[in-house]
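Dear colleague,

Please find the structure below, together with its sequence. A summary of the findings follows it.

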Amino acid sequence: MVHGSIKQSLASYFSAKLPEAKNIQIKNFRQPSAGWSDEAYIFDVSWEEDGKTKEKGFAIRKQNKGGLMRETKNFYLQFKFLDRLSKSSDLPVPAVHWFEEDESIIGGPFFVMDKLPGKAYVPWSKEGREFLQKAHEDGSIPLQFTELLAKIHLLDYRKAGFTEDFAEPEGEFGYIDAKIAGLEEMYERYLISPDPEMTDALEWLKKNRPPAQ
């Protein structure tokens, strides 16, 4: 779909989701650079309500039917994961609003979330390489990355309710066994030519698998 028709479809969609809103407009619409999986759209929605003009930023993640490893991912669980994470932590995670399965709206299933300040770069793009070089020289981005990663690992996932939506691996090796099996399946599925290093790494991991903490 071209951007003009997507904007029209989203204006109709938000009209249904915000029944009290009038004169809804989609502004500052753009599609950021994407990788090999799903697509994203970023935009602002302005409307009139109770005699006042309101505006809010949103982002959409749309499932790409031909995306890499689509058959191994559950798109709805991505939505649920973000929902749990945004409600149970102070991480910079967008609140999610609606999950939509009707593919006729913008050409595929999607979910709507808040737009957060910041930029996302595809690492191998010109802009991405420049950003990573600057981040390496500056040092603040790696520090922020490490701090956020630590917060994720320190999150009490049971208290946050993740086990209500996601199956918890059994036993101390349940997670790593499932992960190794998934990596092997992915390796075989996308294999173009044998990669001895990958095979050795998987076999090493089987013999040295770490228990869950």
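A nonpolar core is taken here as a set of buried Ala, Val, Leu, Ile, Met, Phe, Trp, Tyr and Cys residues joined through side-chain atoms within 4.5 Å, where buried means under 20% relative accessible area with a 1.4 Å probe, protein chains only. The model is predicted, so local features need pLDDT of at least 70 and side-chain atom pairs count only at pLDDT 80 or more, while totals for chains, interfaces and linings use all residues. Residues are numbered from 1 along each chain as its sequence is written, and side-chain values use heavy atoms, with hydrogens and water left out.

The largest nonpolar core has 19 residues, and Leu 10, Phe 14, Phe 43, Val 45, Ile 60 and Ile 106 have the most contacts inside it. Two or more residues each come from helix 1 (3-17), strand 1 (22-30), strand 2 (39-49), strand 3 (52-62) and strand 5 (110-114); helices (H or I, at least four residues) and strands (E, at least two) are DSSP runs, numbered from the N terminus. Helix 1 gives the largest share, 5 residues. Apart from this core lies another, of 13 residues, including Ile 42, Phe 79, Val 96 and Met 113.

As for pairing, which requires at least two DSSP bridges between two strands, strand 2 and strand 3 run antiparallel and are joined by 11 bridges. Their hairpin has 2 residues between the strands, and Asp 50 takes a positive phi near 55° there. Strand 3 is also joined to strand 5, antiparallel, by 5 bridges. Phe 58 in strand 3 stands opposite Phe 43, and its bridge partner in strand 5 is Asp 114.

Kind regards

How values were computed
Buried means under 20% relative accessible area, exposed over 50%, partly exposed in between (1.4 Å probe, protein chains only).
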